[in-house]
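Trainee: I would like to go through this structure piece by piece. Shall we begin with the space inside?

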Amino acid sequence: MIDYAGELNKAQLEAAAALDGPVLVIAGAGSGKTRTIIYRLVRLVESGVPAPSILLLTFTRKAAREMIERAQNLLGRSGSSVSDHGGLASVQGGTFHAFAYSILRLFRPEGFTRDATVMDAADMTAALQHCKEELGLGKGDHSFPKTQTVHAYLSKSRNREIALDSLLAREAQHLLPHASSVQRMADAYVAFKREKALLDYDDLLFELEKLLRARKDALAYCWNRYRYIMIDEYQDTNPVQARIGALLAGADRGAFAETSADSRGAAPAPRQGNEAPGPSSGDSAFPQG
């Protein structure tokens, strides 16, 4: 058996042992946030929670894979009978984008008449270049932004959920004379993707949010399958990721997020709710979207 009290400090133990209800753990750098997630994963399965009902959302596949592997090793070291039945191998861990793709493969995005294809970076650039050429923009104008630059600002505008011209005014004033043309490219890009049943990386998140809000069966599927949702580095979520987390968490479920106390992330401040112990005084429920 794992000696949780002996291997974790008091704050880590409180967080790892808070299994039920929505929990936000705020902790400083170097305080053992990853260690806490690993021990909480093990605590969940040792408490009888089926591993497939746990969803671990991180910002890289590598981070999720390493957390699950370390938790599996910890479980094996404990000699628990749970490790003989697959242990934590069937925990779904990965990025928000990968999770979104897995759900959109099961439930077709709203407005699509056939299954969507996910674009890679080269596809996105090629599609935008096609739209630029079709519109006849930037010909002979060396001041017109490169296609990769246009895509970068379109993605940043969407993820921050601010108007393109406002973003350019803040970060690229030299491109403001081209703002209307870039917006035309953006509009044509959206139409092109819809016509071809294509999704770019940003679409995965926004289409998932739209799906979960529009289709009760899709949301019910997620609620029934994923009883415990864990989000690492919550302070780095953008607004749509935070809203997806809130939708998955529901009103009273086993949602758990860890965030750095010294970070200025994009996630909205969580509303006060059912409090649970954690490494600092910032424990509260997820924000409701």
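Trainee: Which helix gives the largest share of the lining of the largest cavity?

Mentor: This is a predicted model, where local features need pLDDT of at least 70, side-chain atom pairs count only at pLDDT 80 or more, and totals for chains, interfaces and linings use all residues. Residues are numbered from 1 along each chain as its sequence is written, and side-chain values use heavy atoms, with hydrogens and water left out. A cavity is a set of points on a 1 Å grid over the protein atoms alone where a 1.4 Å probe fits but cannot get out, and lining residues have an atom within 4 Å of a point. The largest share, 3 residues, comes from residues 147-160, helix H7.

Trainee: How much space lies in the largest cavity?

Mentor: Grid points are joined across faces, edges and corners, and a volume is the space filled by probe spheres set on the points. By this rule there is 1 cavity of 30 Å³ or more. The largest cavity holds about 40 Å³.

Trainee: Which element gives the most to the lining of the largest pocket?

Mentor: A pocket is an open set of grid points with protein on both sides within 12 Å along at least five of seven lines. The largest pocket has a volume of about 360 Å³. Of its 20 lining residues, the closest to the centre are Arg158, Ala186, Tyr189, Val190 and Lys193. With 7 residues, the element that gives the most is H9.

Trainee: How many residues in the lining of the largest pocket are nonpolar, polar and charged?

Mentor: H7, helix H9 (179-196), strand E5 (198-199) and H10 each supply at least two residues of this lining. Helices (H or I, at least four residues) and strands (E, at least two) are DSSP runs, numbered from the N terminus. By class, the lining divides into 8 nonpolar, 4 polar and 8 charged.

Trainee: Is His151 buried or exposed?

Mentor: His151 lies in helix H7. Contact means heavy atoms within 4.5 Å. Leaving aside neighbours within four places in sequence, His151 is in contact with Met124, Leu128 and Tyr189. Buried means under 20% relative accessible area, exposed over 50%, partly exposed in between (1.4 Å probe, protein chains only), and at 19% His151 counts as buried.

Trainee: Which residues touch the most other members of the largest nonpolar core?

Mentor: A nonpolar core is a set of buried Ala, Val, Leu, Ile, Met, Phe, Trp, Tyr and Cys residues joined through side-chain atoms within 4.5 Å. Of the 31 residues in the largest one, those that touch the most others are Leu57, Phe99, Leu208, Leu212 and Leu248.

Trainee: Which element gives the most to this core?

Mentor: Strand E2 (54-58), helix H5 (96-106), helix H10 (201-214), helix H11 (216-225), strand E6 (228-231) and helix H12 (239-249) each supply at least two residues. With 6 residues, the element that gives the most is H10.

Trainee: What does Phe99 touch?

Mentor: Phe99 is among the core residues that touch the most other members. Residues up to four places away in sequence are not counted here. The list is Leu55, Leu57, Gln92, Leu208, Cys222, Tyr226 and Leu248.

Trainee: How many disulfides does the structure hold?

Mentor: A disulfide is a pair of cysteine sulfur atoms within 2.5 Å. Cys131 is buried at 4% relative accessibility, and Cys222 is buried at 1%. The number of disulfides is 0.

Trainee: Which loop holds Glu161?

Mentor: Glu161 has a positive phi of about 60 degrees although it is not a glycine. Glu161 is partly exposed, with a relative accessible area of 38%. Its loop is the one between H7 and helix H8 (164-171).

Trainee: Where is Glu233?

Mentor: Glu233 is not a glycine, yet its phi is positive, about 55 degrees. At 25% relative accessibility, Glu233 counts as partly exposed. Its place is the loop between E6 and H12.

Key:
Nonpolar A, V, L, I, M, F, W, Y, C, P; charged D, E, K, R; others polar.
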